[in-house]
Amino acid sequence: MPDMVAERSDQLVEQLREMMLIREFESRVGTLFENNELPGFVHLSIGQEAVATGACSVIEEDDYITSTHRGHGHSIAKGLDPDRMMAELFGKETGYCGGKSGSMHIADVDQGMLGANGIVGAGPALATGAGLSIDQNGEDRVCLSFFGDGAMAEGPVHESMNLAGVRDLPVVFICENNQYGEMTPAEDQHHVEGFEARGDVYDMPAETVDGMSVQEVYMATAEAVKRARNGEGPSLVVCETYRYRGHYEGDPMNYRTDDEVSEWKKRDPIDSLESSLVEEGFLDESDVEAMRDDASDRIDGAVEFARESEFPAEETAFEDVYTEDI
Ligand SMILES: Cc1ncc(C[n+]2csc(CCOP(=O)(O)OP(=O)(O)O)c2C)c(N)n1
Ligand SMILES: [Mg+2]
């Protein structure tokens with residue numbers, strides 16, 4: 001038993017370290033965007049880190065994920081390199097997509113990251129396709145599919161959950177209910193209360209968890225992944241969470257009150273894990289400070305890498321844009 005506690009606490013420390021890295025990456029992106037250093041659009045997931053980290057710490061390197069337009073956390077949690085992600089945001093040739101995708105389309109198929117996605121609700125369709133390929137090739141892999149409360153009202157999400165159920169595919173649908181789809185509260189977008197009920201419709205196990213708790217997300221995803229690996233088909237995990245920033249950087253946020261944001265911040269996933277690890281004696285204040293400094297140094301390095309990288313050459317504008325004939 002003490003070994004189990006030590007093992008679990010090691011994992012929690014690693015999860016804290018990763019959530020700090022995600023937050024540092026995104027906080028820095030917010031500042032860079034404000035300073036007009038980044039072209040395009042960025043959507044930050046600050047506040048939602050426990051979902052990405054909790055879920056991705058269940059899976060292995062050769063498993064897959066699909067992401068959303070708010071995908072920096074998912075990408076870092078899947079093991080993508082912050083240098084190449086930052087370079088992509090700067091539009092530089094060293095970025096994951098050669099600087100041609102920006103934040104919303106970062107992908108690294110070799111690492112099982114099947115893409116952020118500017119099309120709301122498209123990720124689950126890719127995940128079901130990945131599940132189908134795993135099934136047809138008899139592989140031992142799973143696919144986690146992150147999507148939002150807004151996406152839950154999109155047709156392709158339901159078609160995907162239905163097909164994954166019909167074929168018992170190894171897909172875990174992870175709904176990040178951050179309470180808003182753009183500026184619309186989740187309750188104004190859905191006639192039925194509670195997203196868990198959507199799992200019942202497709203006869204798949206469904207669970208709602210506190211998405212501000214990395215441990216709760218981890219445990220629910222672990223159960224779902226176990227079922228998927230056993231050939232028991234898809235599951236739905238609904239994570240109740242919150243984004244602290246606007247829908248996009250620059251959003252005036254006049255659809256919610258400061259009090260609402262402050263209430264959610266009291267449940268911050270990083271602060272709460274940090275306090276419990278310190279209270280239980282697994283970390284002390286100086287460890288925490290060192291972890292924050294490490295995250296900050298890591299992102300300093302990523303920004304430097306991105307700034308020093310070149311923009312893609314003009315004559316490559318049409319390269320890597322369309323697939324080659326197969
Ligand atoms: C198919 C499609 N419809 C509409 C949009 C415009 N749009 C971009 S983000 C967004 C809201 C998505 O909400 P949610 O799924 O809850 O994700 P969140 O932004 O909260 O992470 C919408 C409607 C889009 N990009 N794609
Ligand atoms: Mg949402």
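The following legends describe close-up views of a predicted model.

**View 1. Glu 176 in strand β3.** Glu 176 belongs to strand β3, which covers residues 171–177. Its relative accessibility is 6%, so Glu 176 counts as buried, the cut-off for this class being under 20%. Leaving aside residues up to four places away in sequence, Glu 176 touches Gln 48, Val 51, His 74, Phe 146, Phe 147, Gly 148, Asp 149, Cys 239 and Thr 241. One of these contacts, Val 51, is 125 residues apart from Glu 176 in sequence, yet the two C-alpha atoms are 7.3 Å apart in space.

**View 2. The open sheet that contains β3.** This sheet is formed by 5 strands in the order β1-β2-β3-β7-β6, and their pairing is parallel. The edges are taken by β1 (64–66) and β6 (206–210); each has a single partner strand, so one side of each is left without a neighbour in the sheet. On average, and with direction ignored, neighbouring strands of this sheet are turned by 20 degrees against each other.

**View 3. The pairing of β3 with β7.** Strand β7 comprises residues 235–240 and runs parallel to β3, to which 6 bridges join it. Within this pairing, Asn 177 has Glu 240 of β7 as its bridge partner.

**View 4. Helix α2.** Helix α2 spans residues 49–56 and is mostly covered, with 8 of its 8 residues buried. The buried residues of α2 are Glu 49, Ala 50, Val 51, Ala 52, Thr 53, Gly 54, Ala 55 and Cys 56.

View 5. The structure holds 1 cavity of 30 Å³ or more, and the volume of the largest cavity is about 40 Å³. Which residues line the largest cavity? Its lining consists of Ile 22, Ser 45, Gln 48, Glu 49, Ala 52, Arg 70, Gly 73, His 74 and Glu 176. Helices α2 and α3 (72–77) each supply at least two residues of this lining. By class, the lining of the largest cavity has 2 nonpolar, 4 polar and 3 charged residues.

**View 6. The largest pocket.** The largest pocket holds about 400 Å³ of space. Its lining is made up of 30 residues, and those nearest the centre of the pocket are His 69, Val 120, Gly 148, Ala 151 and His 247. Helix α5 (123–136) and the strands β2 (143–148) and β4 (180–181) each supply at least two residues of the lining. Which of these elements gives the most to the lining of the largest pocket? Strand β2 does, with 3 residues. The lining of the largest pocket divides into 9 nonpolar, 15 polar and 6 charged residues.

**View 7. The second largest pocket.** About 220 Å³ of space lies in the second largest pocket. This pocket is lined by Cys 97, Gly 98, Lys 100, Ser 101, Asp 320, Val 321, Tyr 322 and Thr 323. By class, its lining has 3 nonpolar, 3 polar and 2 charged residues.

Terms used
Residues numbered from 1 in each chain as written. Chains lettered and ligands numbered in written order. Predicted model: local features only at pLDDT ≥ 70, side-chain atom pairs only at ≥ 80, totals over all residues. Heavy atoms only, no water. Helix = DSSP H or I, 4+ residues; strand = E, 2+ residues; numbered from the N terminus. Buried < 20%, exposed > 50% of the residue type's maximum accessible area, 1.4 Å probe, protein only. Contact = heavy atoms within 4.5 Å. 1 Å grid on protein atoms, 1.4 Å probe; cavity = no way out; pocket = protein on both sides within 12 Å on 5 of 7 lines; lining within 4 Å. Points joined across faces, edges and corners; volume = space filled by probe spheres on them. Nonpolar A, V, L, I, M, F, W, Y, C, P; charged D, E, K, R; others polar. Pairing = 2+ DSSP bridges. Axes fitted to C-alpha atoms, helices over the stretch in contact; angles between N-to-C directions.
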